[in-house]
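Please look at the sequence and the structure below before reading on. The report then goes through selected parts one by one.

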Amino acid sequence: MSQSNQVMHVQVNVKADNKAFFVSFVYPHNYYIDRRVLWHELEVHGSLMRDKPWVLLGDFNASLFLEDKSGGGYEPTIAINEFKDCVNNIEVSDLNSSGLHFTWNQKPKGSNGVLKKLDRVMGNVKFSDDFPGSFAIFQPYRISDHSPCVLRIPTLTKKKPKPFKFFNFLTYKPGFLDVVREGWSNDIQWHNIFKVVKRLKGLKSPIRKLLRDQECFTG
């Protein structure tokens, strides 16, 4: 992990999928000239992320496109251009998203209110490839004047165990009858159908082992 007064970089390890990705949490200065330090820092960090899954999220305190603002005066074009240059240089783009478009409000009252999209979730190509289907949800305003954002990564699910599959050729292999005989000799106290089901389930593990042994022997 590393950080400055405008960004914090962390690595996220996903144990379930044995994957990792990198996240940069940003909160730039309000004045666009002071944000130039951040844009430079991101470009330096971005050079290290070319072949790594990387996502940036937070309040960027700047609009990226003209349609990211509704109402009020226009911020200097240079501020938008410098932000856009940084985004292009580090080769990231907005992730798919749902919910609010304007993520920040300044007491909107009729035509005098100001709405902007200041909060973003952006990722590089490697992140999209490694975590397909990831998307951001910009939720309704609550206590803050910013919209809460949630990053969803649908691929982070535990893998289900493979279903048991019996291969007929095993019946001709040495040791098959011994495995079945041993499994079927287990003493189970209950009605007959229950005994059959329990014994069949009990045979799954030794039959899988028999299959692995055959593969090792033939390999």
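What follows is a short report on a helix, several strands and a few single residues.

## The model

This is a predicted model. The sections below describe what can be computed from its atoms.

## Helix α2

Helix α2 covers residues 77-90. At 1.5 Å a residue, its 14 residues should span 20 Å, and because the end C-alpha atoms are 20 Å apart, the two values agree.

Which residues of α2 are buried? They are Ala79, Ile80, Glu82, Phe83, Cys86, Val87 and Ile90. These residues cover an arc of only 165° around the axis, so they lie on the same side of α2. The face turned away from that buried side carries the exposed residues Thr77 and Asn88.

## Two cysteines

Cysteine 86, one of the buried residues of α2, has a relative accessibility of 1%. Buried means under 20%, so cysteine 86 falls in that class. Cysteine 149 has a relative accessibility of 36% and therefore counts as partly exposed.

A disulfide is a covalent bond between the sulfur atoms of two cysteines. How many disulfides are counted in this model? The count is 0.

Strand β10 takes in residues 119-123. It is mostly covered, as 5 of its 5 residues are buried. In a regular strand the side chains alternate between the two faces of the sheet. In β10 both faces are covered: Asp119, Val121 and Gly123 are buried on one side, and Arg120 and Met122 are buried on the other.

Strand β10 pairs with β4 (residues 54-59) in the antiparallel sense over 5 bridges.

An open sheet of 3 strands has the order β5-β9-β8, and its pairing is antiparallel. Strands β5 (69-70) and β8 (104-106) stand at the edges; each has a single partner strand, so one side of each is left without a neighbour in the sheet.

Strand β9 (residues 114-116) is joined to β8 by 3 bridges in the antiparallel sense. Leucine 115 in β9 is the bridge partner of asparagine 105.

## The sheet β7-β11-β12

Another open sheet of 3 strands has the order β7-β11-β12, with mixed pairing. Its edge strands are β7 (97-99) and β12 (149-152), and each of them pairs on one side only. Neighbouring strands in this sheet are turned by 20° against each other on average, direction ignored.

Strand β11 (residues 135-138) runs antiparallel to β12, and 4 bridges join the two. Across this pair, alanine 136 stands opposite leucine 151 in β12.

## Histidine 9

Histidine 9 lies in strand β2, which covers residues 7-14. Is histidine 9 buried or exposed? Its relative accessibility is 10%, and therefore it counts as buried.

Which side chains make polar contacts with the side chain of histidine 9? One of them is that of serine 24, with a contact of 2.6 Å. The side chain of histidine 45 also makes a polar contact with that of histidine 9, at 3.5 Å.

Notes: Residues numbered from 1 in each chain as written. Predicted model: local features only at pLDDT ≥ 70, side-chain atom pairs only at ≥ 80, totals over all residues. Heavy atoms only, no water. Disulfide = S-S within 2.5 Å. Buried < 20%, exposed > 50% of the residue type's maximum accessible area, 1.4 Å probe, protein only. Pairing = 2+ DSSP bridges. Axes fitted to C-alpha atoms, helices over the stretch in contact; angles between N-to-C directions. Polar contact = N/O pair within 3.5 Å; in protein donor to acceptor, adjacent residues only side chain to side chain. Expected span 1.5 Å × (residues − 1). Arc of directions from axis to C-beta.
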